[in-house]
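Colleague: I have a model open and I want to learn to read it. Where do I start?

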Amino acid sequence: MKKFTWILLLICPFILAANVGIIPTPQQVEIGGQHVNLSARTDIELAGDPQNLNKGLEILSEALAAADGGGKTISLILEKSGDFSIENLSPEQLSEAYSLDITPEKILIRSGSDKGLFYGLMSLTQLVKASVDGRIPTLRILDYPDMAWRGISDDFSRGQVSTM
């Protein structure tokens, strides 16, 4: 029993460090040792002509206003880049992939598509909402879907139904 307790105590910090509070859990997360204070004064810069991000930017702006952490003004750069790629991904998976880099100087979200940029914005929004006064860790996230098609079954009224 003591051995099990020690193993559990050794593993828990790594599990907690990997969980940054983003749903669905990103494929890769590297947490830095610093923090950034975000506020409603965050400058947003668009690169590569992304389209249809108004709703995502609105949701992020509301989260930033609610979590106003003061501090210096930081730039959020949304970059849609045709050369964004990740090895061994299908085109469908790559269309939803993004990278999110948070440093003390800037926040950079890169993707090859508007969908990927939107998912990056939503991950950043979740970090802001989970933060205390807009204080979020410096980190790097690389995320993409495991499968091209996703779905859930929420038919709980009839229980499990046979497929015969």
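Predicted model: local features only at pLDDT ≥ 70, side-chain atom pairs only at ≥ 80, totals over all residues.

Colleague: How many helices and strands does the protein have?

Modeller: Its secondary structure comes to four helices and six strands. Read from the N terminus, the elements run α-β-β-α-β-α-β-β-α-β.

Colleague: What share of the 164 residues is buried?

Modeller: Buried residues make up 35% of them. Here, buried means under 20% relative accessible area. The protein exposes about 10,700 Å², and carbon and sulfur atoms supply 56% of that area. Now look at contacts between residues at least 6 apart in sequence: 79% of these join residues at least 24 apart.

Colleague: On to the sheet. What order do the strands have?

Modeller: First the general idea. Strands of a sheet pair through backbone hydrogen bonds, either parallel or antiparallel. In this model, six strands form an open sheet in the order 1-6-4-5-3-2, and the pairing is mixed. Strand 1 (28-37) and strand 2 are the edge strands, since each pairs on one side only. From one strand to the next, the twist averages 15°.

Colleague: Which strands run parallel, and how many bridges join them?

Modeller: Take strand 3 and strand 5: they run parallel, with six bridges between them. To find this pair on screen, pick Ile77, whose bridge partner in strand 5 is Leu108.

Colleague: And how many bridges join strand 4 to strand 5?

Modeller: Four, and these two strands run antiparallel. They form a hairpin, with three residues between them. Ser99 stands opposite Arg110 of strand 5. Strand 1 and strand 6 (residues 135-143) also pair in the antiparallel sense, over seven bridges. There, Val36 has Ile136 in strand 6 as its bridge partner.

Colleague: Now the helices. What should helix 2 span, by its number of residues?

Modeller: Helix 2 (residues 54-66) has 13 residues, so at 1.5 Å a residue it should span 18 Å. Its end C-alpha atoms are 18 Å apart, which agrees.

Colleague: Which residues of helix 2 are buried?

Modeller: They are Gly56, Leu57, Leu60, Ala63 and Leu64. They cover an arc of only 125° around the axis, which puts them on the same side of helix 2.

Colleague: Why do residues three or four places apart point the same way?

Modeller: An α-helix has 3.6 residues a turn, so residues at that spacing point the same way.

Colleague: What does the buried side of helix 2 pack against, and which exposed residues does the face turned away from it carry?

Modeller: The buried residues pack against strand 2 (43-47), strand 3 (75-80) and helix 4 (114-130). The face turned away carries the exposed residues Asn54, Lys55 and Ala66.

Colleague: Helix 4 next. How many residues does it have, and how far does it reach?

Modeller: Helix 4 has 17 residues and reaches 24 Å from its first C-alpha to its last. That is close to the 24 Å expected at 1.5 Å a residue. Its buried residues include Asp114, Leu117, Leu121, Leu124 and Val128.

Colleague: What do the buried residues of helix 4 pack against?

Modeller: Their partners are helix 2, strand 3, strand 4, strand 5 and strand 6.

Conventions:
Residues numbered from 1 in each chain as written. Heavy atoms only, no water. Expected span 1.5 Å × (residues − 1). Buried < 20%, exposed > 50% of the residue type's maximum accessible area, 1.4 Å probe, protein only. Arc of directions from axis to C-beta. Contact = heavy atoms within 4.5 Å. Pairing = 2+ DSSP bridges. Axes fitted to C-alpha atoms, helices over the stretch in contact; angles between N-to-C directions. Areas by Shrake-Rupley, 256 points an atom, 1.4 Å probe, with all protein chains shown as cover.
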